[in-house]
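Subject: The structure to look at

Hi,

Here is the structure I promised to pass on.

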Amino acid sequence: KLKVAIWTTTPWTIPANLAVAINPDLEYCVVDTHESVLDGKSKLLVATGLVKTLESKFQLPEGEHLKVVATFPGSTLVGTTYQHPLYERTSPVVAGGDYITTESGTGLVHTAPGHGQEDYLTGLKYGLELLSPVDDVGKFTVEAGSSTVVGDAFVGLSVLGEGNLAVIEALEQAGALIRAENYGHKYPYDW
């Protein structure tokens, strides 16, 4: 029950997720979760330098902590795989760039090569598909609906409105959402 804990400011890009990027120079760890985080039985993979920050972010009860079970260099993660929580696809863990730090998030970055410059460059490096299930007016296409979990629930929804909310809800229903909070994003969705 190990889960890769990614952090994203753009949940609407989750249908286009094709990799998780890590910083091979950081230390990572597996932590036991508290019952208030996911199901309390899963273990999470996070950057070791963010454990204390995540304890606060997860709003653990006073005196409770995330228990570190194991630590290892990030470089050992490259080439491992994970199962997407909404789609029937297995994707790689790859080495990202210096944009992966312990300043915020989890130290693991959701990577959608069809959305965003850093993701695109990481995708090129690893030969990832260029998936962008969004049309010219910012609505999900049928490519975002090829999931046994969500069916075609996303198709036609505006990614910056009800589509974003639908992805968050689907992650919650799949037992894959750790936390959601509002964040003022500064990047456009159309390069």
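The chain has three helices and eight strands. Starting at the N terminus, the order of elements is β-β-β-β-α-β-β-β-β-α-α. Keep in mind that this is a predicted model. The radius of gyration is 16 Å, close to the 16 Å that the globule rule gives for 191 residues, so the chain is as compact as a globular protein of that length. If you draw a box around the C-alpha atoms along the principal axes, you get roughly 50 × 35 × 30 Å. Buried residues make up 42% of the 191 residues. Also, of the contacts with a separation of 6 or more, 64% are between residues 24 or more positions apart.

Now the sheet. Four strands form an open sheet in the order β6-β7-β2-β8, and the pairing is mixed. At the edges sit β6 (81–83) and β8 (108–111), each pairing on one side only. On average, neighbouring strands here are turned by 30° against each other, ignoring direction. Strands β6 and β7 (residues 90–95) run antiparallel and are joined by three bridges. To find one end of a bridge, go to Thr-81: its partner in β7 is Pro-92.

Helix α2 (residues 117–126) packs on this sheet, where it touches β7 and β8. The direction of α2 makes about 100° with that of β7. Click on Thr-122, which belongs to α2. Is Thr-122 buried or exposed? With a relative accessible area of 6%, Thr-122 counts as buried, because the cut-off is under 20%. Apart from neighbours within four places in sequence, Thr-122 is in contact with Val-94, Ala-95, Tyr-99 and Thr-111.

Last stop: helix α3 (residues 162–173). Which residues of α3 are buried? They are Gly-163, Asn-164, Ala-166, Val-167, Ala-170 and Leu-171. Looking down the axis of α3, these buried residues fall within an arc of 160°, so they line one face of the helix. The spacing makes sense because an α-helix has 3.6 residues a turn, so residues three or four places apart point the same way. On the face of α3 turned away from the buried side you'll find the exposed residues Leu-165, Glu-172 and Gln-173. After α3 comes Gly-175, with a positive phi near 75°.

Cheers

Definitions and conventions. Residues numbered from 1 in each chain as written. Predicted model: local features only at pLDDT ≥ 70, side-chain atom pairs only at ≥ 80, totals over all residues. Heavy atoms only, no water. Pairing = 2+ DSSP bridges. Helix = DSSP H or I, 4+ residues; strand = E, 2+ residues; numbered from the N terminus. Axes fitted to C-alpha atoms, helices over the stretch in contact; angles between N-to-C directions. Contact = heavy atoms within 4.5 Å. Buried < 20%, exposed > 50% of the residue type's maximum accessible area, 1.4 Å probe, protein only. Arc of directions from axis to C-beta. Rg over C-alpha atoms; globule rule 2.2 N^0.38 Å.
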